[in-house]
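Here is a short report for a reader meeting this structure for the first time. Look over the sequence and the model before reading on.

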Amino acid sequence: MSEIIPTLAIFWLLMVVSFILMKRGLSIFNDVAKGMVMFMLEKALGPAIDFVQGKPGSASRTWIMHGMIWAMLASILTFAGLWLSHDSTALHSLGAWGYSPDSHELMYAGRFAALFGAVGMMVIGAGLHVVPTLSGTNLASESNATLVSGLWTLSVLILVIGAHAKEILGVDIIVLGTALQILAMTAIILNQLLTISNATRPIAIPGWLIIFGLIGNPLAVVSVFLSGAYGTGVGQWLVYHMIGGTFFFCGIAGVSLYASSMGSGNPLWSRTLVGFTLFGALISINPMGSTDPSMAVDMLGLEASEISSSTQDHISGSFLMALAMIPVIAYSSNLLVTLRGTDAFVENADSPGIAEMNMGAWMLIPIAIGSLFVQTDALGGAGELSGISQTLDLLSLWAVLMPLSLGTALYVFPQVSGRKVLSVSRSRAAFWLMSGGAVAGLTFTIMADLNDMALIESLAENPSSITEELRILGSVTFYGTVLGSIFHCTNLISGQFRGEKLSEEVESSTSLSPHTYELTSSTSVRRILASGATLDTEVIPVSQSEEAGSATEL
Amino acid sequence: MSDQGSSQITEFIQGEKEPQSSSVVLALGVVASLSFLLLYGILYPGREMPVVSELLPMFEGVFDSGIWFFLLGAMLGIFAIIGTMLTEATSE
């Protein structure tokens, strides 16, 4: 029986209904619904809401700061997991404290910390700045969004603990963490929907990417439950990839396209490609991620099942994953060309996040193609490439999702906090350490995986020493990611106190140039620049009347 | 002491500027201490280092894997972040 198409049909229907409701509203219930949601976001929380500031930008700043700290913790957990894959007793002395993790547990905890802690929090944090900016309004409730960042962090902490011990005192820890995360996610979705309901101008497509990324997450879960596919291996695999394609891919695409344009000062290269990114991401299945959907299974409290797809599921799944190359290539090319504009030089000293976004967009296409082969193989039941699945998943996490979300966060953070990072050169060093550590370290690990696969295929009895050497090299090289994330954290925190103020920069850059240039008739760009205008000068068209004038009355 | 005097003292002992040569002094200190450690080994061959030789056995079986070298670096990084937060918040 087919599982994929009916589940996706329900998902597409729910998405269309959501879009219509967002555009048309709830008719006569609009005001009541808005008032009730606002009450739930603020007053219903009682004194708790008074614990946080409601200053503009405070929510985004808090989410990004939490995300940065989670990035550092995720890199440490993943590094330790990689190390233990070749030296399983390295941390045995911690057993005296009752903590004896193995490689799998540390990697699993690292994935939770990286996906939901670092990437998730930075994307949501950037979205809390981007959506109100694109809507021409303020965030509906800064206080609530700031408050739920604590709840989300708590949920990620519980998930990280749950990765080590799934059940404590009879309580399923991962399900508990998921429940808290759903609560926080619901608050963020309601906040963002209320924000766009107060929009003063049409929202650009990157804004819709963020919104669909947010609502796509719960709708994907609802679709799988409505279709009844949640109990099958294919249904569990599908919900894992639907969440990856909506919340992570759409969310990152939305915020990074905005940041690439604003950070580089270039307009988005193609509006059509943004549309293709949005439409394609929703109708296709994103192949990136592990072949093992145990993360989604554990989070939803389901019984894990083997993937045994029917021929129809295999064909439709493979086709829809191949179709995902359209949004992937559209998004990647749009981002890369936007960063360059008319110039081949990408480096922008004022926007340290641009290097990260550039790297993430470059790595996206080859990793997505690699994931497509691995997932198609797994869905067909062959499993010949399953040996590299976990490392490829790590590579997509640390070489694509992390740089894109981190790059966006590095652009958005100064905008919401009013201060730049302390040192651009330290940011650049952190970028090289993080990207070099992740790409080189995980490439060495993939080489070890391939070596293991070849040995298994040739039925070799003795393990090869080169595999262990490659794993050692991979884990040591990955340590660069730990150092890079620590550098980023200290740079961001110090920048909050001693970084150059953005307002000062505006004042200094405009002291010798006009803020605005009034355009009364058609003219050339050369003339505008010759008048002393800079790239930041706002050109304002001034309408002229053809009516005859009269003498000025004194 | 007068108010003017106390303000002058505060100004003098604050040490707001950091001369580049101060790092040379620090490097010289590190090199000197390493040299004295080497000298101890030459002057008293076969004798264990005082204090250090008593402390090291406590960590036998604990830091017996190379991962601890890296994890100590990560811990230093975490403490650096916490330290940065505290010092930046209280420096005003």
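How many residues does the contact take from chain B, and how many from chain A?

## Where the chains meet

This is a predicted model. The contact takes 12 residues from chain B and 16 residues from chain A. On the chain B side, 7 of the residues touching chain A are nonpolar. Another 4 are polar, and 1 is charged.

## Chain B

Chain B has 4 helices and 0 strands. Along the sequence, its pattern reads α-α-α-α. Chain B holds 92 residues, and 7% of them count as buried.

## Domains of chain A

Chain A is assigned a domain 1 and a domain 2. Domain 1 covers 4-49 + 56-511, so written in two segments by the assignment. Domain 2 covers 514-547. Taken over C-alpha atoms, the centres of these domains of chain A are separated by 42 Å.

## A helix pair in chain A

Two packed helices are described by the angle between their axes and the distance between the axes. Take helix H11 (residues 311-323) and helix H13 (residues 354-379), both of chain A. Their axes come within 10 Å and cross at roughly 170°. An angle over 145 degrees counts as roughly antiparallel. H11(A) and H13(A) are therefore roughly antiparallel to each other.

Which residues meet here? H11(A) brings A:His314, A:Gly317, A:Ser318, A:Met321 and A:Ala322. H13(A) brings A:Leu372, A:Gln375, A:Thr376 and A:Leu379. By class, this contact of H11(A) with H13(A) has 4 nonpolar and 5 polar residues, with no charged ones.

Definitions and conventions. Residues numbered from 1 in each chain as written. Chains lettered and ligands numbered in written order. Predicted model: local features only at pLDDT ≥ 70, side-chain atom pairs only at ≥ 80, totals over all residues. Axes fitted to C-alpha atoms, helices over the stretch in contact; angles between N-to-C directions. Helix = DSSP H or I, 4+ residues; strand = E, 2+ residues; numbered from the N terminus. Parallel < 35°, antiparallel > 145°, perpendicular 65-115°, else oblique. Contact = placed C-beta atoms within 7 Å. Nonpolar A, V, L, I, M, F, W, Y, C, P; charged D, E, K, R; others polar. Buried ≥ 20, exposed ≤ 12 C-beta atoms within 10 Å, placed from the backbone.
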